[in-house]
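Colleague: I'm new to this one and would like to learn how to read it. Could you walk me through a few features?

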Amino acid sequence: MTLVSSDIADGDSLDLDQVFAGFGCEGGNLSPQLSWSGAPAGTNSFVVTAYDPDAPTGSGWWHWSLANIPATVTSLPEGVGTVGQPLPEGAFAARNDFSQNAFGGACPPEGADPHRYVFTVFAMPQEALPVDETASGALVGFFAENTSLARASITAVYGR
């Protein structure tokens, strides 16, 4: 399975479009465009996550968790989930660690080493996870990590 983006690249720095607007950061707070291919037979939905394993929390930081993306969908436009860019029908955004049901851009502590931002698409065997929009990113991640058929990631960086 492969994951590509016109907005982010593995090992490259995130653009200001993907930086949070708040917490002292001033960015566009837009999710990147993502496209994937090569999902295995038996894929009935997708989960997309964005996670910062370097956040100084002891548990990382969930920036984004989309669940129940239909198996017929193989790309998401930049800013999906915002006004003018609705989520695919049936999909939902779980709560991120900014306590929002949306994408929350990068915003590492000022002066810290650049953080890694891991964008992952998971091919799921079920059509829907047994959770709703009140679920945490960690809970969505639990199901994705433990039941996915395949996955692909892009890891970008950002520091300030």
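**Strands and a sulfur link**

Modeller: Happy to. Strand 9 (residues 115-124) pairs with strand 10 in the antiparallel sense, over nine bridges. Keep in mind that this is a predicted model.

Colleague: What do strands of a sheet pair through?

Modeller: Strands of a sheet pair through backbone hydrogen bonds, and the pairing can be parallel or antiparallel.

Colleague: In what order do the five strands of the open sheet come?

Modeller: Read across, the order is 8-6-5-9-10, with antiparallel pairing. At the edges sit strand 8 (92-93) and strand 10 (150-158), each of which pairs on one side only.

Colleague: Now the sulfurs. How many disulfides does the count come to?

Modeller: To call a disulfide, look for two cysteine sulfur atoms within 2.5 Å. The count comes to one disulfide: C25 is joined to C107, with an S to S distance of 2.1 Å. The link of C25 and C107 is right-handed, with 95° about the S-S bond.

Colleague: Which parts does the pair tie together?

Modeller: C25 lies in strand 3 (residues 25-26), while C107 is in the loop between strand 8 and strand 9, so the pair ties together parts 82 residues apart in sequence.

Colleague: And is C25 buried or exposed?

Modeller: Buried means under 20% relative accessible area. C25 counts as buried because its relative accessibility is 6%. C107, with a relative accessible area of 16%, is buried too.

Notes. Residues numbered from 1 in each chain as written. Predicted model: local features only at pLDDT ≥ 70, side-chain atom pairs only at ≥ 80, totals over all residues. Heavy atoms only, no water. Pairing = 2+ DSSP bridges. Helix = DSSP H or I, 4+ residues; strand = E, 2+ residues; numbered from the N terminus. Buried < 20%, exposed > 50% of the residue type's maximum accessible area, 1.4 Å probe, protein only.
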